[in-house]
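Reader: Could you walk me through this model?

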Amino acid sequence: MSAKILIIEDNETVRENLSTLAREWGYRAVASEDGKGYLNLIKTVSPDLVLLDLKLPEAHGMEILREIKRFDKTIVVIVITGFGDVQSAVEAMKIGAVHYLTKPFDTDELRVVIRNSLENQRTQRALTDIVERKRSRFDPGNFIFTSRIMQRVLDDVMRVAGVPTTSVLIEGETGTGKELIGKIIHFNSPRANEPFVALNCSAIPDNLLESELFGHEKGAFTDARHTKKGLFEIADGGTIFLDEIGDMSLKLQPKILRVMEDGCFRRLGGTGDVVVNTRIIASTNKNLKAMVRENTFRKDLYYRLCVVPLKLPPLRNRKADILPLAEHFLEHFSKELKKQEPGIAAEVKQKLMSYPWPGNVRELKNVMERAVLYCDGGMLEPTHLILGESDSDDEEPDAGAGAASDAFLLKIDFGRVSLPDVEKQVIIAAMERAGHNKSYAARLLGLGRGALRNKLEKYDMD
């Protein structure tokens, strides 16, 4: 549907000309000869754009502008003024008008101004709609829990959300919802209209992570054909979420510290500082305090990140939340898969409550999705649950697995093999020992899962 334009102009000739032009350009036009009853007219018409004469017999245009913006700040207002009253037009721009035209005005200029203003309005309304949907999605009232421990966590989350400059460190096992908590903080903070940018520090090799975070200048390295903004720049004004920051190399950590302390950094190959206003929320499934003691994580960065620490308990430590979450996922996936929502048999509830949930909420979500997929009746039965079989990433297989590969470690001929050969064979041995479970293999090797994945790709073993 075409945009609706309200014309408030006391000069009959100008008013009729503007109405005719607006219709010729494909808009719907409504005209008013004075400012009397303007607010009721605006509420009735609900215009997308207002052409407003500042000099009206019954009301001053400036006051009308203020009322329009109080009623709906997304309405575009273009003011029309006499040649000698430009100062008033400038004041109107400060109040919220997007443009002003002096009489007599050029019709081509007016057409371009209207078209561009409405395009900008559509873009802004679309962005606002996206933000509002995300605000609604990450409203703390939608967070499913009944346990007191999670209520305390959520209280802390909402407290820190209102302080947009405070750094936050979210600690918890894989699958506990650390990124979800980061988004709740962002979308309930004064930064909600600005970007939320997330990066998994373990998923990107160290040599690429710096460029990803800080960007690079053209020619900074062999493949740098263009200047590229980093994620800190993209997140300017908003929030950057650094997932699994415990996997970040010691070499890169001081550069994160500098951004936090000075609010600036340099792109790779750059000579000048880039200034940003970005809140940092970091998360980890590691014990950073222990890493600080072992000198594998910088103490100064740890204390700078840990202004507000949030510890997410594993699902096994908040059993009161298991069934409410299971019922929530059951309802969600029943709708998504267009199936009748089944009930939950007592035996199923017992199994859900007694299972240790090594994969936490993420595992519970996956289990319920599969259960809905397999259930064709009106009741969820134990046969519909698959516990610990497909979600075995955190389960340790039999320690005897891969014994043949372990023997390799005792037979290394150091005179005939290179270090990469040894590394490759050690990775193979660890993968076999772990039953090809990457999470467990990474623990055996003392690596993050992302670091192991990079090595598997390096040796074409993925």
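**The sheet and the cores**

Reader: What stands opposite Ile5 in strand 3?

Author: Leu49 in strand 3 faces Ile5. Strands here are DSSP E runs of at least two residues, and helices are H or I runs of at least four residues, both numbered from the N terminus. This is a predicted model, where local features need pLDDT of at least 70, side-chain atom pairs count only at pLDDT 80 or more, and totals for chains, interfaces and linings use all residues. Residues are numbered from 1 along each chain as its sequence is written, and side-chain values use heavy atoms, with hydrogens and water left out.

Reader: How many bridges join strand 1 and strand 3?

Author: Strand 1 (residues 4–8) and strand 3 (residues 49–53) are joined by 4 bridges, in the parallel sense. Two strands count as paired if DSSP finds at least two bridges between them.

Reader: And the strand order of the open sheet?

Author: The order is 2-1-3-4-5, with parallel pairing. Strand 2 (28–32) and strand 5 (99–102) each have a single partner strand, so one side of each lacks a neighbour in the sheet.

Reader: Switching topic. Which residues have the most contacts inside the largest nonpolar core?

Author: Leu213, Phe232, Leu242, Ile256 and Phe297, in a core of 33 residues. Such a core is a set of buried Ala, Val, Leu, Ile, Met, Phe, Trp, Tyr and Cys residues joined through side-chain atoms within 4.5 Å; buried means under 20% relative accessible area (1.4 Å probe, protein chains only).

Reader: Which helix gives the largest share of this core?

Author: Helix 10, with 4 residues. Apart from this core lies another of 23 residues, among them Leu352 and Trp357.

Key:
Buried means under 20% relative accessible area, exposed over 50%, partly exposed in between (1.4 Å probe, protein chains only).
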